Amino acid sequence: LRDLWELHAEFGLNQPDCYVLTFGQARPGRTVPVAAETVELLTEVIGRLGDQGRLRMSVERATAYFRSCGAGFILIQIGTQPGQHDPELPSIIYDDMLAEISTDPARQRAATPELAGRAVALQEALRDKEDLPSTSAERQLLTAWLKRPAPPGSAGA
């Protein structure tokens, strides 16, 4: 499943015009044949997880969820300025998607610990504050410290 995710992301980011023609031209009741083949392959792979009892939802819903995460992510990335892409975002989205569809306890989302939540809140409160009585080096050090308890993929991480 991760391989499919990575292939999908690679195709979309390296061939944005082809991607939009294949996946971005949605019309009610109509699927581009190449996209239909992709959906069949994805349904087959997710179906294997279902056969193993590893899905928290139906194969159809898990496939739709995966497709929505993938297409939404790629279309947003295509519209994002070069150099503004978050290199960790594909893994974060994949992990979140898998946590949502999977029964695997190792994949389930843990509640954000209180300390991590507070660290993220403080990072957000301090974001872009130029009038703080601190040097640039002090702000960088504080940011580094605040990232330690924050969960992966949180603000500033």
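Guide: Ala, Val, Leu, Ile, Met, Phe, Trp, Tyr, Cys and Pro count as nonpolar, Asp, Glu, Lys and Arg as charged, and the others, Gly among them, as polar. Apply that to the lining of the largest pocket: 14 residues are nonpolar, seven are polar and three are charged. This is a predicted model: local features need pLDDT of at least 70, side-chain atom pairs count only at pLDDT 80 or more, and totals for chains, interfaces and linings use all residues. Residues are numbered from 1 along each chain as its sequence is written, and side-chain values use heavy atoms, with hydrogens and water left out.

Visitor: What does the secondary structure of the chain come to?

Guide: Helices (H or I, at least four residues) and strands (E, at least two) are DSSP runs, numbered from the N terminus. The chain has seven helices and zero strands. From the N terminus, the order reads α-α-α-α-α-α-α.

Visitor: How many of the chain's residues count as buried, in percent?

Guide: Buried means under 20% relative accessible area, exposed over 50%, partly exposed in between (1.4 Å probe, protein chains only). Here 25% of the 157 residues count as buried.

Visitor: Take His8. Where is it found, and is it buried or exposed?

Guide: His8 is found in helix H1. Its relative accessible area is 16%, so it counts as buried. Contact means heavy atoms within 4.5 Å. Setting aside neighbours within four places in sequence, His8 is in contact with Tyr19, Phe23, Gly70, Ala71 and Ile74.

Visitor: And Glu40, is it buried or exposed?

Guide: Glu40 has 59% relative accessibility, so it counts as exposed. Glu40 is found in helix H3.

Visitor: How many aromatic pairs does a search of the whole structure find?

Guide: Rings of Phe, Tyr and Trp (its six-membered ring) pair if their centres lie within 6.5 Å; planes under 30 degrees apart count as stacked, over 60 as edge-to-face and the rest as tilted. The search finds four pairs. One of them is Trp5 with Phe66, edge-to-face, at 5.6 Å centre to centre and 85 degrees between the planes. That pair links distant parts of the chain: Trp5 is in helix H1 and Phe66 in helix H4, 61 residues apart.

Visitor: Why is the pair of Trp5 and Tyr94 classed as it is?

Guide: The ring centres of Trp5 and Tyr94 are 6.0 Å apart and the planes meet at 50 degrees, so the pair is tilted. Trp5 lies in helix H1 and Tyr94 in helix H5 (residues 89-101), so the pair ties together parts 89 residues apart in sequence. Trp5 is buried at 3%, Phe66 at 5% and Tyr94 at 4%. Trp5, Phe66, Phe73 and Tyr94 form one aromatic cluster.

Visitor: Which residues touch the most other members of the largest nonpolar core?

Guide: In soluble globular proteins, nonpolar side chains tend to be buried together. A nonpolar core is a set of buried Ala, Val, Leu, Ile, Met, Phe, Trp, Tyr and Cys residues joined through side-chain atoms within 4.5 Å. The largest core here has 21 residues, and Trp5, Phe66 and Ile101 touch the most other members. H1, H3, H4 and H5 each supply at least two residues of this core. H4 provides the largest share, six residues. Beyond neighbours within four places in sequence, Trp5 is in contact with Phe66, Cys69, Gly70, Phe73, Pro90, Ile93 and Tyr94.

Visitor: Where is the place of Leu126?

Guide: Leu126 is in helix H6 (residues 114-126). Its relative accessibility is 26%, so Leu126 counts as partly exposed. Apart from neighbours within four places in sequence, Leu126 is in contact with Leu132, Leu142 and Leu146. The C-alpha atoms of Leu126 and Arg139, 13 residues apart along the chain, are separated by 9.1 Å.
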